[in-house]
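Please read these points with the sequence and the model open.

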8 protein chains.
Amino acid sequence: MKKKIVSVVMGSDSDLAVMDEAIKILQEFKIGFEVIITSAHRSPRRTSLYAQRASNRGIEVIIAGAGHSAHLAGVIASHTTLPVIGVPIDSSPLSGIDALFSTVQMPAGIPVAAMAVGKSGARNAAIFSAQILCAAHPEIKKEIDAYRKKLARKLAEKSKVLEKQYS
Amino acid sequence: MKKKIVSVVMGSDSDLAVMDEAIKILQEFKIGFEVIITSAHRSPRRTSLYAQRASNRGIEVIIAGAGHSAHLAGVIASHTTLPVIGVPIDSSPLSGIDALFSTVQMPAGIPVAAMAVGKSGARNAAIFSAQILCAAHPEIKKEIDAYRKKLARKLAEKSKVLEKQYS
Amino acid sequence: MKKKIVSVVMGSDSDLAVMDEAIKILQEFKIGFEVIITSAHRSPRRTSLYAQRASNRGIEVIIAGAGHSAHLAGVIASHTTLPVIGVPIDSSPLSGIDALFSTVQMPAGIPVAAMAVGKSGARNAAIFSAQILCAAHPEIKKEIDAYRKKLARKLAEKSKVLEKQYS
Amino acid sequence: MKKKIVSVVMGSDSDLAVMDEAIKILQEFKIGFEVIITSAHRSPRRTSLYAQRASNRGIEVIIAGAGHSAHLAGVIASHTTLPVIGVPIDSSPLSGIDALFSTVQMPAGIPVAAMAVGKSGARNAAIFSAQILCAAHPEIKKEIDAYRKKLARKLAEKSKVLEKQYS
Amino acid sequence: MKKKIVSVVMGSDSDLAVMDEAIKILQEFKIGFEVIITSAHRSPRRTSLYAQRASNRGIEVIIAGAGHSAHLAGVIASHTTLPVIGVPIDSSPLSGIDALFSTVQMPAGIPVAAMAVGKSGARNAAIFSAQILCAAHPEIKKEIDAYRKKLARKLAEKSKVLEKQYS
Amino acid sequence: MKKKIVSVVMGSDSDLAVMDEAIKILQEFKIGFEVIITSAHRSPRRTSLYAQRASNRGIEVIIAGAGHSAHLAGVIASHTTLPVIGVPIDSSPLSGIDALFSTVQMPAGIPVAAMAVGKSGARNAAIFSAQILCAAHPEIKKEIDAYRKKLARKLAEKSKVLEKQYS
Amino acid sequence: MKKKIVSVVMGSDSDLAVMDEAIKILQEFKIGFEVIITSAHRSPRRTSLYAQRASNRGIEVIIAGAGHSAHLAGVIASHTTLPVIGVPIDSSPLSGIDALFSTVQMPAGIPVAAMAVGKSGARNAAIFSAQILCAAHPEIKKEIDAYRKKLARKLAEKSKVLEKQYS
Amino acid sequence: MKKKIVSVVMGSDSDLAVMDEAIKILQEFKIGFEVIITSAHRSPRRTSLYAQRASNRGIEVIIAGAGHSAHLAGVIASHTTLPVIGVPIDSSPLSGIDALFSTVQMPAGIPVAAMAVGKSGARNAAIFSAQILCAAHPEIKKEIDAYRKKLARKLAEKSKVLEKQYS
């Protein structure tokens, strides 16, 4: 079993549909990870303890997804110096712009790395965690390179089909 | 000296220019209050402890002002069942819409009472705290009534001047 | 039968689907409440009378939900010094941002406590009313505490399921 | 002295700088008007009475300017069937988008004619009131036609200067 | 057959679903009206001619609905001094905020009376046209008063049902 | 076979549903075109090479559609002096406003001609490319003129149906 | 004297401060141009005639700058098949987002090429007009290439200064 | 002299006023860094080469600041697998919301870590780079811890002053 070095947290189980995009990338990249639900608001002590202990438990990067006034990533970041990546989730009637501003507009001193709203952001959070982990886990570099090549290759293949269709 | 029953907190001393509007109302209404700086992000433990102990220290309402991704009111609300009133402050280039969404869009379970962005919101936060306190401190009701009358009277006086000018 | 101390008002019966979230919390917390439809625009006299008499009828907190240029909470607040909690409802093509600004951006003098847009906001309005009522109705404190514990417990249970699934 | 048929109301004397644009047009068009301060929130009874009596006092069109969650025009419209023209004023940190949504997004049943935010809107409110009044006061038609011609002529003159400069 | 005094124009036949709300009110109020499709962009000459001749054809108020960068109301207003009421339609991915800004933010000189985005706005456009027409057509006043009473009565009836249900 | 002078590029095959509106116009106008998938982010070298070589391959106008932080048009524009037309696509939860700002807010020096978000924008991109191409390919002018006439005629026909229905 | 092939139009002489950025580029690129003031709203006939005759007068590209609900570019585009480039100007309290939406969100059929809000957009409008004109005026290509080189060279020089300062 | 492991890039020398906040933190943390100007649009080849070579030159984290449709961070990220941190700069009339969306809304596959708009974001970019670098450069951890303590201490000191003033 792989050592868990990425922690994927979300504020509610209803966020799983979005955060699953991060999970699938971590699995594809063979990075050990855990998945946890904890809320900045409904379980603040649990969240503080989680954040304070993450580093000692061997976690190296945290990915936090939340909707509405998404404080989860910011609260975790305030309790640890591990890199925290925030995924704004579009679960309110405001289409995620509330979660985006709450995640990205951190005041000076305590940074959160914000990704795009929703599934693209979740997937990129996992890829960005891999890019950070490369320094200490050089084997991950190969996975990223392979993934990038796959992206470019797939795109070229799809282009070829289209190019033919309209030539 | 008056017993302190309202706690005015802000995330940074640069927020004082805005939060002073709340302070002036509390003074006018003769409500005992304290003023504290604590940040959801830069001093999270201090903020948690503050919130957890506020009720025992005799605080009955909390007014929290913050800018950017304004988590202060939400974090405090997660640690106490006292009513928490949030004042979004326009201290980032986004004119306070970031602070507004971060304050008002709280997920279900842990409410924050959001006021308008900036000075109007700060003043209203103090008035709203007075309206809450009336239940247990009936003498405050008189202050609110007097304030409302003054508002209406001043407005009528200013109108009279204008009405004459254009008649 | 419980004495009615919270009044839930809405601008239209089509708002009931959202405001029902508030009703369910008030029932769960065993707080006596009434439900009324009145519109700031379509029945202004009815709304003024309602607001002016609410306190004498024993109402202690008002929860007002409305969509579009949501003036209901503001109009009620102008006729009473009871705490008024506003719930912006996403019933126009603008996804509730119109109702949010109309509810939260109250000018200095007459506060409304704004909640999040839609169902989360409605639920929080009821919880916030409970937090206000605690001062005069200490038995409600237990309900809030129980509710918070339930929130945290459920979340921990759901987390456990997820943690296992990915371990 | 001219009979006052347009009523210019504003929520605060600080709105006069903007609403003065409406006043100047009414003077230029020789339309009798009054100027009044009354607030939807700080003087609700005064505002209701004002709106209910306006028609009987001979007022034919109402121009209402307000900032923040600008309810003034909407509240007046709910108490009269006179045409009400709303001018959103940019007096909050949100640059008037709050006042715009509060003014224009009226729910079905009680219309307000919204103008642009700020000075352009105030000037247009007066011109639009003139366009409405034409039906019963045909002499105003000449003023509008003259004004439009002046607008077009001035523009052509300024263009000529510029055209020469760059030819 | 009734004399046509209101002209309902729209930029595309796909706007009819929204503008039908205006048509139904005009029918209910027994106001003679016509319905026309003309586009500021796709048929500019037709639109100019339409606007220039409307007054001579006996039209007294124009209601113009359009989506996207909704120029229809503004272009018509530039060619006539009849009151022009604009209905922003949510037909683009931006949910009608584009049509709202294009309709309401008219520069000083040529006013358009903007209504809310979508169906509420269409209905209010017809009601507002009725409020304008009252001056010259006093029989319409009765229709508006009856409509307002019906609105208030329906609302009170619906409230009664709800009040009982929760008492 | 027609010489390909317009190049339609998109960032992903999922953008085809929108970009197909451009393709249909180019076919209707009998303008030779190619369709290519290339991404500013997932295949940057391919995109640079594509842009650098487009002119030499005989391409005269480029239409680039992309969603999210839509950099495709901007990146291509930085590598060529051919006119680049950008179509923002609404493929993220933010409804295309992200793609619109990313496409239109180009810094001074390297222009992109931005169209409306989504299908209207795609269609207009093709029409605008035709308007540009007229200078060197006068036969296209006839197609545009015919298309415009068709637009106006269809609109007049639909209006006639509606006018009758309500007369 | 150079033949005028670009027409720079603006809705008001107050737009000149912004549109001057376009003028300076046209001068630098030695492209013959004219400068005209005409308004979609205040001088509609003048604007229609201007647009209808532009092509016959030898104009090949039109650059139109306007603020508020910026209809100028759209109205011109409806009367000509010349390429029309729109520059949204930030002259209202809404910071130009109103002008941006009014310019860029053109409905299908009549395209406008939108540039960024304000001075960057004005400069790019001139550069884009040059890129269009290249097809028929190959001598302009050299100017664009020289301009691009200058941009890149200046940037590299400024970078060198900074690089040294921090090495 | 310290080995340069962080590269601070910006799109224009006018961005230096904002990016200087990042530079000051890097100096305070004793992290070797370089400062470079390169533009995604005005010097695309320079930018591609810069990004492709950064890793080989020993750079471990890239901080990229840009305004308008801020493509710089995204373009760099497409050419390297080093972590790229984006700082949206408020240099256009849209107050940086354009730069924010352009930076944060990256499509799935190529992540950029977005910070807040403006100076807070620049400072946090440097702190976040330090948090990433900790893994390979453990001495930086001490700097971050000291910085965080200083933040909390300063805040407590300022609070003490305020608390006294109002006690």
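1. Helix 6 of chain A has these buried residues: A:Ile140, A:Glu143, A:Ile144, A:Tyr147, A:Arg148, A:Leu151, A:Leu155, A:Ser159 and A:Leu162. Buried means under 20% relative accessible area, with a 1.4 Å probe and protein chains only. An α-helix has 3.6 residues a turn, so residues three or four places apart point the same way.

2. This is a predicted model, in which local features need pLDDT of at least 70 and side-chain atom pairs pLDDT 80 or more, while totals for chains, interfaces and linings use all residues. Residues are numbered from 1 along each chain as written, chains are lettered from A in the order written, and side-chain values use heavy atoms, without hydrogens and water.

3. The 27 residues of helix 6 (residues 139-165) of chain A should span 39 Å at 1.5 Å a residue, and the end C-alpha atoms are 40 Å apart, which agrees. The expected span is 1.5 Å times one less than the number of residues. Helices are DSSP runs of H or I, at least four residues, numbered from the N terminus.

4. Between chain D and chain E, 40 residues of chain D are in contact (heavy atoms within 4.5 Å) with 40 residues of chain E. The two chains bury about 3,000 Å² between them, 62% of it on carbon and sulfur atoms; buried area is the accessible area (1.4 Å probe) lost on being put together, summed over both parts. D:Thr81, D:Pro111 and D:Arg148 supply 22% of the area that chain D buries against chain E, more than any other three residues.

Terms used. Helix = DSSP H or I, 4+ residues; strand = E, 2+ residues; numbered from the N terminus. Buried < 20%, exposed > 50% of the residue type's maximum accessible area, 1.4 Å probe, protein only.
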